[in-house]
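Opening the notebook on this one. I want to go through the chains, then the places where they touch.

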Amino acid sequence: MWFKRFSCQHLLIALFLFVGVSSYAQPNATEGKALFKAKCAQCHAPDMKSKSTGPALGPAEENWSAYPREDLYSWVRNSQKMVESGHPRAAELWGVWGPSVMNNFPNLTDDQIDGIFLYINEKYNAAPEVVETSTGTGGDVGGQTNYTFYFILIAILGLLALILARIVSNLNHMAKSQEEGTAPPKRKTLVELLLSPMVIGALIFGLVIIGGYTTVNNAIDLGRQQGYQPQQPIKFSHVTHAGEQKIDCQYCHDGARRSKHSVIPATNTCMNCHASVRVGSKHGTAELSKIYASAGWNPNTGTYFDNFEDMKPEEVEKEFRKWFDDNFKEAKGAEVKEELVKENADLQWDGVQEFVNNPIEWVRIHNLPDHVYFNHAQHVSVGKVECQTCHGPVEEMEVVQQYSPLSMGWCVNCHRQTEVKFADNPYYDSYEEYHEQMKSGDRTGVTVEEIGGLECQKCHY
Amino acid sequence: MKDQQQDVWVGLEDKTNDPSLIEQANQEFYELPVVDALADEKFVQEGKTNRRDFLKYLGFGIGAATIAASCEIPVKRAVPYVVKPDSIVPGVASYYASTFVNGGDFCSVLVKTREGRPIKIEGNPSCDITQGGTNARTQASVLSLYNNERFQGPLTLEGEGERKGKLSWEDLDKQVLSKLSGSSRVRIITNTVLSPTTKKIFAEFTAKYPNTKVVSYDPVSYAGMLIANEECFGQKVLPSYKFDQAEVVVTFGADFLGTWISPIEFAADWVKNRTIKDTNKPKMSRLVAVESGMSMTGSNADNRILVKPSEQGAAVVTLYNAVASRLGGGSIASKNVNAPAKAALTQLADELVKAQGKSLVVCGSNDKNVQVVVNALNNMLGNYGATIDMSKPSLQRQGDERDMQAAIRDMKGGAVDVAIVYGANPAYDLPNADEFKTAFAKVGTRISFAQTIDETTALCGFVAPDHHYLESWGDAEPKKGHINLIQPTIRPLFDTRQAGESLLVWAQSADLDRKADQPFMDYMKKSWEATVFQGQSGFATFQGFWDNCLHDGVFHTTASGEGGAAFAGDAAAAAGNISNGGSGLEVNFFETVAMGAGQYADNPWLMEMPDPVMRTVWGNYLQTPIGYDAGKNAYSAFMGMETSSKGYTENAKITVGGKDAVLPVVNQFGQMPDTVSAGLGYGRTQVTSAGQNTGINLFSMCSYNKDGLIQYHASVTVEKAGREQEFACVQYHNTMGVTDKEGTNVDEKILAPILVKNPLTKRSIIRTSNVDDLKDTIHDLEHERHHHQKLNSYTLYPGHDKEFKKGHHWAMHIDLNACIGCGACTVSCMAENNVPVVGKKEVHRHHEMTWLRIDRYYYGDVNNPSTVYQPMMCQHCDNAPCENVCPVAATNHSSEGLNQMTYNRCIGTRYCANNCPYKVRRFNWYDYTTADLWPANEYSINGEDLPFGADNLTRMVLNPDVTVRSRGVIEKCSFCVQRIQEGKLLAKREQRSLRDADVKTACQTACPTGAIVFGDQNNDEGVVAQKLKSKLNYLVLEEVNTAPSVNYTMKVNNRSDKMES
């Protein structure tokens, strides 16, 4: 009996241990995926093939294969320590990717790291995945080729049919004239047929129709700028800020909830964060210094300049050059050549100097005609419309572009389809009729159109 | 009562059925300009556009469009703040409490700013003087901030070549200080100064330069009253009047609703007893005006008693004696007054005696003797302490022209070294301006603080330009113990400096820290901490007190006044000095509602605001009486002149004491026979462009006696002087009611049962009643409206009533009893809605653009008619006739009952305006605002200057929420749809129902008397829904079934038949 009990007990314990070990200690791609998303994806591209802030991770395991596996673990936990210790692979990476420092993950276990790499390899070796966003384009391209192909096919078949019809007709004609024994009357040639007034007239008519159609269509599009994607004075990345750092749109665009304008943030809004984050993940000091130059902030000391407006340009330049040089040297190592340092500083100062003491002149992307009144607060605070509905996936846009056509038809369509946040806002209580209908079940919702959202003076006054 | 007529009329042309007026009324768009132009041979011959040109332009147009289409869209920039001020959210307006002050004119205001620039003035409800009301002058003051001809920095006008011209402030101070020494004899010439801080600065300056005298005078003088009060009560001040406590108000030529002392306050108070609250027990005060010409106050009076200007004193004495005989008081030497007036005044005395302690007699005379008798009369009636408060005196007029005359004598005698002109313009507004000019030239150093050029500044050596009030710090004490703050709402646009600061710099004041960021503010705060702060107990710290005052804009001291002193005047002695009236033709010169004494002549909005009574713009006119022959029912214009018609009128040359002036004539109902009147304040010669070539300066025709200014002349000759070609009188524009040439129309047969005699009344435009007949009138009105509504049930269109039942249904209610015609709403509407200024010539051509006009109608006795003012704007008809004739649906109806006008859809057919029975649609004949792409559309093509508002500085006043219209589109009142949308959004964001306070139209907020109320008539608890229940309401032209959204309350007067002879 004891045996039985022993075995049962031990079996249970063993089972428990096994399960425990398997769920906690074994490398596991699912867990790796979660860890990757949480810890790595901010800097490493999720397709494992392309470079981002950090290198592509797909080939990483192979690149580290020449060294003990422990080195890879140490690298992940504290990369700078490895660089300092002079590990050859570490030095190699630092040479390429410095001064961007990889975050430390001292708490990751070996198994967790293995799990991450399991996921990485899974992704890396998987067949190319059709990314959702690119499906449309891909489909379009495919459609385009098919369409052309069919078009050519139809054209060839049509031509063949024409030739065959002509041959048959000629043969019939000849047969007929032979039967009757008379000399064949002269028949029109194909060229004559094509040049006949009938055909030319029809052709001109067709051209006028097509021309008119395209003219009208293009005229309607005049002044519209869908897809407008100008270069901005500062290479501000919405991918970094809204995508990776997940900063709320309305943190910076704080007018959207209370004003007609969403408001391009003032430089001092940038300074809320960039007083601490002084070196950018993508452009280092080159772009962020433009903000400092505009705001009159000294990145060397972390304080605002005194009497910035009265400072001599040379003094400002000196401070900023020091900032560029220090960072460059820190990144490249102290032994970097002086010419390179100067070249870097010249280059960066060139971009920065026009911002000294000046506001940042962003290029306005979304332009409405003067006779259109649009109010952000109405849509954001009251209508609870997501920013992305009109502006598109801005968090994925490295350079922002106009996503929507901003045409009247586009506005009107949305007003036709969108339902008002009717039930939870006491403002709409005055629409008693709709409330009754909703209560009785005759109506499920009220669209913007139904409370007058298509009327002229909602937007034009 | 002798010529009482049962109709309503607009003017003489209407009365005489002038065929040209009927023709004009029938033409929707007055064709005068085209006809004129074509009649001009030269124009036709020189006209260069022919068929070839047309083809050229067509080709160019297509080519240009093609090129434009292929060009890239220009890059637009968005420039955010570097450091955004917390108080500014781009796109959201901020309001700052401040105070409008110009001489003695005062109004507590809230300044609406957008992105840091002031764009609109609203009244400040925290102020218990102006009570949230404004007037036209206050509304227009924001425009003068953006006058691009303001002085851009200190100047010297002395010297030759390079020495003349711009200076730095340091240079100016150095030069001025070099001219000032301890023994300098300085004169500071001002109008009334309301600011305690400025007075303190004067004192500091005087302490430094002991031979300084502050010379304060008012161009339209109240010195006679001040002296009389000094004699009677020992205080040289004006009392506070309580028009809301008075049941009978008598005014001897004091235009207290338009210009006299504190018109906003008086209008708000007076109207409290004028609106009918309970139609079953109607109660109204009575206003009796004793005057010669029709003033704005006179036009609002129940009874007008006509006396010549020279008889005014005699009329006061007559009333005094009549009251005294009833109360058993001693009579004073009686004076001759015309017989009808004497009879009426006797009747009036009965009324006054009945209303002892609840009556009020005011007088606009500048003769201290007359004012003493008026004081004695008020005293006899027990009005002191009841309707007149001497314990809380008004400081709104303090000037004494005798000081100014003494200063002129000093200057002439070479006894003045330095003259500083601060806000006054004696070279324009003194009757002896020429004498002043020669005397002024003898002063060694002449300095002006003017913001723009004026006649006096042109004679000065130095100009140290002051800030505009919207850029200034300051304070004002309009009444004792009632202090208002002025705070800047924008950084100074130009290199100007506050006048007070300049004086302190020159006085080398130790209290002024010149290195401070805002030295004047610091000085004022210090001064307030030592004075005003000490007089209050509500706040422990000065900062808390100051912040509160800044927020409210107003501070009332709790300390009570000194208490009214007993009356100690000698009416008998004063009466002895009053002369009898004259017998000849007399002229009266009056301050106009818009221009004041000429201080406002550089403001285009005020120039284009029609005079309330005459309805004329851009100049002064001679009001002449109209003759009426009751036997023949015939009218005649003054001195056999032709009546004005078709935009022309006669000119008249008036000659007074060797001086003459030629003025266009206005045939004025209610003008006393043998008298004429003309407005002051026009004819500025040194003035920025808006004021140039507008009217004639008549100050030179006023005169002085030993006590002061006299604003009339008892001996005047008037003669014809040709025709005025550009008679800009909007009275006959946009007339409703006159139908077609034959005077009949098809509808009339159908409508016959409801029609009375005259087109204006039979088409229900104006409804009036005497308060005693109210019951009958209501009965008639109900009957008529019932009939109209029955007619309206036969409609081609299905009703939209159901549609308007859900959500909002906007409506307006206008109380004709509260409307005094002051024009504040007109100017407010122009400011809010970017309505362009078109100029005199365009107004003459019927092209004025105002969305809101105030129609003035007469009724009653043709010799002395009563007046109705009717604000008329788009009625937002629910059955709008304009909507169904638009070929492109540019005007249509919203589900909230708004008649919407969409400019970008409008192609300018003007069918809508043709079909509008209210004539409220305006067409942009030219590109008045230069909003168009093509400069050829601007109206300068007729050889005129660039249109007003074409420069970027003036454009800063535009409301960014309202589209600026270009040429070729119709525009009209939108019920301030931008404010509706803003109010709705606020309610939605705060997740609550809409409240009345959320949406107020610009005309509503401007109105000093609360005549206009706007709101959602579906909201049963709202004010409008309540007001719509009044039995006195009617709809204009209800019989044509337009279903307008504007309701009017009929005009009820309290006319006493006994006072009519």
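**Chain A, overall.** I started with the fold of chain A and counted 20 helices and three strands. This is a predicted model, so I kept an eye on confidence as I went. Of its 461 residues, 19% count as buried. I also looked at how far apart in sequence the contacting residues sit: of the contacts in chain A between residues at least 6 apart, 67% join residues at least 24 apart.

**Confidence in chain A.** The average pLDDT of chain A is 83, and 89% of the residues score at least 70.

**A helix pair in chain A.** Next I looked up α2 (residues 29-40) and α7 (residues 110-125) of chain A. Their axes are 7 Å apart and the packing angle is about 95°. Angles of 65 to 115 degrees count as roughly perpendicular, so α2(A) and α7(A) are roughly perpendicular to each other. From α2(A), the residues making the contact include A:Leu35, A:Phe36 and A:Cys40; from α7(A), they include A:Ile116, A:Leu118 and A:Tyr119. Sorted by class, this contact has eight nonpolar, three polar and three charged residues.

**Chain B, overall.** Then I moved to chain B, with 32 helices and 44 strands. Of its 1061 residues, 56% count as buried. For contacts in chain B with a separation of 6 or more, residues 24 or more positions apart account for 74%.

**Domains of chain B.** Contact between them involves 13 residues of domain 3 and 15 residues of domain 4. On the domain 3 side, α9 (223-233) and β13 (303-306) of chain B are the elements that give two or more residues. That side has four nonpolar, five polar and four charged residues.

**Where the chains meet.** In the contact between chains, I get 43 residues from chain B and 48 from chain A. Which element gives the most to the side of chain B that touches chain A? It is α30(B), with six residues. Both β2 and α30 (977-989) of chain B supply at least two residues there. By class, the chain B side divides into 19 nonpolar, 15 polar and nine charged residues.

**One residue, B:Val79.** Last, I picked B:Val79, in the loop between β2 (77-78) and β3 (94-102) of chain B. Is B:Val79 buried or exposed? The cut-off for exposed is 12 or fewer C-beta neighbours within 10 Å, and B:Val79 has 12, so B:Val79 counts as exposed. Leaving aside neighbours within four places in sequence, B:Val79 is in contact with A:Pro359 and A:Glu361.

Key. Residues are numbered from 1 along each chain as its sequence is written. Chains are lettered from A and ligands numbered from 1 in the order in which they are written. This is a predicted model: local features need pLDDT of at least 70, side-chain atom pairs count only at pLDDT 80 or more; totals for chains, interfaces and linings use all residues. Helices (H or I, at least four residues) and strands (E, at least two) are DSSP runs, numbered from the N terminus. A residue is buried if 20 or more other C-beta atoms lie within 10 Å of its own, exposed if 12 or fewer, and partly exposed in between; C-beta atoms are placed from the backbone. Two residues are in contact if their C-beta atoms, placed from the backbone, lie within 7 Å. pLDDT is the predictor's confidence in each residue, from 0 to 100. Ala, Val, Leu, Ile, Met, Phe, Trp, Tyr, Cys and Pro count as nonpolar, Asp, Glu, Lys and Arg as charged, and the others, Gly among them, as polar. Axes are lines fitted to C-alpha atoms, for helices over the stretch in contact, and angles run from 0 to 180 degrees between N-to-C directions. Angles under 35 degrees count as roughly parallel, over 145 as roughly antiparallel, 65 to 115 as roughly perpendicular and the rest as oblique.
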